[in-house]
Amino acid sequence: MDLILWRHADAEDGLLDDARKLTAKGEKQAQQMGRWLKSHLPEGARILVSPAKRALQTASALGREFEITREVGTGASVISVMAAAGWPDAKGAVVVVGHQPTLGRIAAALLSGVEADWGIKKGGVWWFSNRLHGDKTQTALRAVMSPEFL
């Protein structure tokens, strides 16, 4: 299984958190990362998106159908995101378009075994793979990409 964590792009400030929209910078970030992901994602990848406006706008840049689910929304827990994605047993690739600090905590848990407040840049992607190597399961970090490098 591949798990791709995609943090929403730069968004405007505001009191109604779920209604915050992408800024012009965020729209550019989403388009850049969307193009990169299109060229790397396998067909049939499942895409789970937070119902927050900024996450929906970010995911739209990918140009693929996606599922909107509160399990990956603002304030989601590591457990709810991982369960929604089916990690580590789902087949194929799953993209989660979500939020900090949850995505950073997932990255920390996958790489160190402990949840910690790691940062994922706005619009950034962390791509993990889970595989069976002999009789052991391994998690590998395949890519970390930020919009400014595209």
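**Close-up views of a predicted model**

Ser-146 counts as buried because its relative accessibility is 9%, buried meaning under 20% relative accessible area with a 1.4 Å probe and protein chains only. The model is predicted: local features need pLDDT of at least 70, side-chain atom pairs count only at pLDDT 80 or more, and totals for chains, interfaces and linings use all residues. Residues are numbered from 1 along each chain as its sequence is written, and side-chain values use heavy atoms, with hydrogens and water left out.

**View 1. Surroundings of Ser-146.** Ser-146 sits in the segment after β6 (136-145); helices (H or I, at least four residues) and strands (E, at least two) are DSSP runs, numbered from the N terminus. Leaving aside neighbours within four places in sequence, Ser-146 is in contact (heavy atoms within 4.5 Å) with Met-33, Lys-121 and Gly-124.

**View 2. The largest nonpolar core.** A nonpolar core is a set of buried Ala, Val, Leu, Ile, Met, Phe, Trp, Tyr and Cys residues joined through side-chain atoms within 4.5 Å. Two or more residues come from each of β1 (2-7), α3, β4, α4 and β5 (125-133), and α3 gives the most, with five. Apart from this core lies another, of 18 residues, including Trp-36 and Leu-41.

**View 3. Two cis peptide bonds.** The bond from Trp-87 to Pro-88 is cis, with omega near 5°; Pro-88 lies in the loop between α3 (78-85) and β4 (93-98). The bond from Gln-100 to Pro-101 is cis, with omega near 5°, and Pro-101 is in the loop between β4 and α4 (102-112).

Notes:
Buried < 20%, exposed > 50% of the residue type's maximum accessible area, 1.4 Å probe, protein only.
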